[in-house]
Amino acid sequence: MRIPLLVLALLPHLAPLAPAQVEPEPWPHEQSDLGTHPAVRAALPNGMRYAYARTIGDDRARIWLNVAVGGLHEGPEEDGLAHLLEHLVFRGTENWSTERVDRWAAENGLISGPDLNAFTSDRNTIYLLDIPRANERRVREALEILRELTTRPLLRAQDLDLERPIVDAEESERSGPDADAAQSFERWSMPGLRSAQVSILGSEASRAAVDIEAVRAFHRRWYRPERMTLVMAGGVPDGVSDLIEQAFADFAAPDGPAPGPPDEGHLDLTRSPDLVSQHPGCAATSLYVLRARPAPFVYLTRERIGREAVEAVALTAIGRRLDALVAAHPDTLSAASIGRIGPGLGYPALGVLIDVAPKDERWHRAMALVEQALRSVREHGFSEEEVGAATADILRGYGQATREERTRQFDEAADWILSEAQGELIDYELSSTTDLSEAALAEVDAARALASFLELWEGEGSVTRLALIGDFPDGPSAAGLRAAWNESQRASVQAHSLEELPEFAHPTPPDASYEVFRTYKDQNAELSWTVYANGVELLHSAQQGQRVTVGVYLRGGRRGLPVERWDVAHVAEATLLRLGLEGHPTDELDRMFSGRDVSVELEVRSDAILLRANAAHEELVMQLDLLVAFLKHSGWRQEDFDDWRSRYREDWEYIASTPEGTTAVRFYPELLIDGGKGVVADPDRADAMTLDELRGWVEPELQTAPLRIAVWGGGDAEEVRDLVGRRFGALPERAQPRLFVSSLRTSAPRHGVRRTYELPAASNAAVVLAFPTTDARVPSRGWGLTLLADVLQVRVEQRVREQLGLSYGPVVESNASRVFPKIGLLTISVPAAAEVHDAVEEACLEVVRELVEQGVGGEELERVLAPRRVAWSERYWMDVLDGYAGGGDGYQDWLDEGSFLDAVGPSRINRYVRQYLDPEKVSVARMIPKEK
């Protein structure tokens with residue numbers, strides 16, 4: 001797991017012009033017999049490696065500079081130093097100041113965070129630049145920036161003083177029960193290894209003890225050319241090798257020998273074998289069973305691929321059993337999964353990890369169920385039907401992956417090539433190695449699958465280790481956990497028989513007539529708008545790729561209800577899919593679709609009920625059938641509805657105690673709707689709600705509401721129209737769009753009053769400032785308010801994070817309704833410790849006052865406009881789809897936004913500043929963690 005951080009730097013003086021030649025590190029594929037992707041891999045005379053690969057149809061380029069240094073390379077007095085150095089590097093160089101880098105990024109359409117970022121792990125530090133519309137000039141300048149930042153940072157003492165409190169705030173915001181639980185798992189699963197003990201962020205005390213000379217010494221020691229690999233993928237320009245050489249060839253290592261490898265520690269699976277670790281407030285509880293033995297790391301080879309393919313059959317078959325176990329015992333298990341582990345770099349062990357999520361405090365029963373399922377495999381083996389089903393799942397996955405490989409996007413390509421730079425994985429060519437797996441799978445039977453699993457599970461030296469980690473008030477001791485595992489083995493187990501699952505099929509209706517209403521075609525896509533005889537509408541875009549996205553929009557959504565009954569919509573969103581279908585409960589659906597690449601998600605928006613799906617091309621027919629089934633044959637099972645209600649109060653209380661949940665269920669409703677009612681059902685209202693009340697609103701919406709379908713991908717337009725028509729075109733006639741005039745009479749955000757709320761939070765503290773604005777029913781108004789939020793984002797970051805170090809991650813957003821009049825909020829959310837809430841609030845209000853007094857300047861506006869224009873050009877499909885589904889002309893709306901971004905000036909944004917940013921009309925929520 002990589003933790004997003006930022007690290008860079010090298011010599012603070014110019015490198016000599018004639019660096020000595022250095023032998024570069026070998027690539028992982030050089031130690032394997034696999035074919036690799038046709039990336040160009042080379043090295044400069046100074047030992048720095050580079051690799052690049054062009055991907056079809058991309059005009060973006062991703063550049064990653066990997067430096068082989070991380071937390072493991074820190075000495076006893078250097079805890080967190082690599083991360084601290086990262087912050088200092090972004091304080092600029094003599095040639096590239098922070099302001100110049102920011103200006104370059106904005107002018108070239110990069111957004112700080114997604115497009116300009118860095119990541120640090122225990123072994124590596126990666127610097128990332130994503131360049132929109134890449135060309136020779138932009139790539140050359142990006143390489144120059146990376147070279148400057150990593151080899152010539154200023155590293156000034158005054159910047160160190162500024163960065164310490166920022167990293168302190170980052171550590172505070174990343175702490176909490178979930179982070180503590182994750183750290184407990186790592187230390188338990190990798191006993192004795194330093195990688196499980198390293199703190200990438202360090203501590204406030206370790207940062208306070210560091211001086212600038214220590215930072216410079218760390219920089220000189222580790223940031224050497226032979227420890228660097230530059231990776232590029234996407235729209236790579238011609239002559240990129242020359243550009244890399246121009247930027248880095250004169251970069252030389254400092255005098256003296258290179259530092260030796262870090263102390264890795266020694267894995268000892270027998271030390272502290274079991275763990276019980278309680279973390280009150282943690283999101284979930286997990287029960288882990290780890291069966292592992294020490295094993296050396298071996299690079300992927302042809303022989304290993306064949307062996308692991310057979311292991312995959314066994315683990316997939318067991319995974320299917322665990323899925324059925326969860327479905328059969330919903331009162332005890334939330335989830336259960338099994339997976340192969342290691343050996344890999346940093347984890348010298350081989351074995352199996354089982355992850356179980358027990359319900360409530362029923363860990364004892366959950367453990368027994370899983371142990372007995374595993375023992376049934378070991379004692380009775382697999383059935384041939386199980387092996388056949390598991391093999392089919394794996395082959396289906398190979399086929400999909402091989403097809404997707406041919407259209408692999410630049411970010412995926414960069415990920416794989418980067419893994420080679422880190423020495424972790426081989427960027428092998430899947431299409432040329434799948435045959436190795438298929439050959440092994442062709443020979444696998446129940447006996448071979450069992451033998452493979454037993455070798456994996458019971459290999460010489462294997463140790464079983466148990467852990468219970470999470471939020472449970474009365475858990476066992478570690479000895480009690482082991483005793484429960486041993487006790488479960490006393491029960492006898494039966495051979496598992498695979499039940500025949502009923503087929504899921506719907507009769508194919510006759511052809512439905514349609515009319516192609518409109519067709520759009522430009523450089524982004526070809527879109528067709530089709531209307532069927534029953535009023536169902538289809539928007540289709542024949543995009544490249546191997547997956548199909550389907551959205552079923554039932555127009556109406558929350559605005560089809562009076563405001564005081566919005567909680568019915570919330571309950572519908574939470575329960576509809578849980579109620580299954582008329583002939584198929586949800587656990588049966590889970591078994592039926594196990595291994596099939598189909599899914600359904602439900603969202604009740606203010607303007608539509610949305611059923612969303614994402615499927616493989618070959619599953620499109622099944623996916624459409626499943627969506628139609630939920631429209632025509634929803635289950636409405638009383639027992640499932642009652643089961644949801646029985647659990648809702650506990651879920652609601654947890655959600656309402658988190659910063660995000662507190663804002664959603666207590667703060668925003670109080671600002672928007674009198675009494676805070678309606679948006680989210682409170683537990684008392686949920687207890688009182690009946691299935692008939694829910695069904696009375698939802699069922700007519702499913703059966704008759706105006707229906708629009710969006711299909712992105714799926715191949716030939718005529719074929720998609722026919723598939724959709726045979727299913728959706730045969731539904732009952734749809735109603736005409738409604739105006740919803742009466743239901744739009746809702747309370748506007750409160751103006752003219754300043755309120756402060758102190759609200760309990762589960763873990764991290766935060767401050768939220770909310771300014772009432774207005775709606776975005778006029779699209780240009782919504783775009784303008786978003787730009788105002790962007791301007792505020794930059795200013796708040798500079799004041800709260802960069803200057804004062806009060807918080808690492810402030811976020812400014814405009815939330816303006818596209819449906820309800822005068823409903824809108826501009827919010828400033830700042831994760832921050834409770835003791836600095838006063839300072840955070842005052843700093844944010846000071847930024848607002850300065851903006852009101854000074855206004856937005858042209859250069860400042862242009863800095864936020866540049867990345868917005870790039871995002872607009874790349875959000876084409878989603879913007880068109882979203883606008884279309886809401887009832888408008890999404891294509892025209894998208895064009896209008898582009899025109900707006902080209903024409904908008906400071907005067908419009910300043911009008912919004914004067915109109916809405918009044919510090920005397922702000923509402924403030926302070927989230928304070930509950931005492932444990």
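Two strands pair if DSSP finds at least two bridges between them.

The structure is a predicted model, in which local features need pLDDT of at least 70 and side-chain atom pairs count only at pLDDT 80 or more, while totals for chains, interfaces and linings use all residues. Residues are numbered from 1 along each chain as its sequence is written, and side-chain values use heavy atoms, with hydrogens and water left out.

I begin with strand E10. In E10, Ile354 is the bridge partner of Val289. That bridge belongs to the pairing of strand E8, residues 286–294, with E10, which is antiparallel and extends over eight bridges. Strand E9 is likewise joined to E10 by eight bridges, and E9 and E10 run antiparallel. Here Ala335 has Ala357 as its bridge partner in E10. How many of the 10 residues of E10 are buried? Nine are, so E10 is largely enclosed by the rest of the structure. Buried here means under 20% relative accessible area, exposed means over 50%, and partly exposed lies in between, with a 1.4 Å probe and protein chains only.

The loop between E9 (333–341) and E10 (349–358) contains Pro343. Gly342 and Pro343 are joined by a cis peptide bond, with omega at about -10°.

Next, the open sheet. Seven strands form it, in the order E12-E13-E14-E18-E15-E17-E16, and the pairing is mixed. Strand E12 (514–521) and strand E16 (601–604) stand at the edges, and each has a single partner strand, so one side of each is left without a neighbour in the sheet. From one strand to the next, the twist averages 15°. Such angles run from 0 to 180 degrees between N-to-C directions, and axes are lines fitted to C-alpha atoms, for helices over the stretch in contact.

Within this sheet, strand E14 (residues 537–541) and strand E18 (residues 707–712) run parallel and are joined by five bridges. His540 stands opposite Val711 of E18. E15 and E17, by contrast, pair in the antiparallel sense, over nine bridges. Val552 has Leu611 as its bridge partner in E17. Glu601 stands opposite Arg612 in E17.

What lies across these strands? Helix H22 (residues 691–704) lies across strand E15 (547–555), E16 and strand E17 (608–616), and runs at about 120° to E15. E17 is mostly covered, with seven of its nine residues buried.

I now move to a helix pair. Helix H24 (residues 779–803) packs against helix H29 (residues 906–916) at an angle of about 80°, and their axes are 9 Å apart. H24 and H29 are therefore roughly perpendicular to each other; the classes are roughly parallel under 35 degrees, roughly antiparallel over 145, roughly perpendicular from 65 to 115, and oblique for the rest. Contact means heavy atoms within 4.5 Å. On the H24 side, Ser780, Arg781, Gly784, Leu785, Leu787 and Leu788 meet Arg908, Ile909, Tyr912, Val913 and Tyr916 of H29. By class, the contact of H24 with H29 has seven nonpolar, two polar and two charged residues. In that scheme Ala, Val, Leu, Ile, Met, Phe, Trp, Tyr, Cys and Pro count as nonpolar, Asp, Glu, Lys and Arg as charged, and the others, Gly among them, as polar.

Trp636 is not a glycine, yet has a positive phi of about 50°. Trp636 sits in the loop between helix H18 (620–632) and helix H19 (638–655), and is buried at a relative accessible area of 8%. Lys822, also not a glycine, has a positive phi of about 65°. Lys822 lies in the loop between strand E21 (811–816) and strand E22 (824–831). Is Lys822 buried or exposed? Lys822 is exposed, with a relative accessible area of 55%.

Finally, the cysteines. A search of the whole structure finds zero disulfides, a disulfide being a pair of cysteine sulfur atoms within 2.5 Å. Cys282 is buried, with a relative accessible area of 8%, and Cys844 is buried at 0%. Thank you for your attention.

Methods: Helix = DSSP H or I, 4+ residues; strand = E, 2+ residues; numbered from the N terminus.
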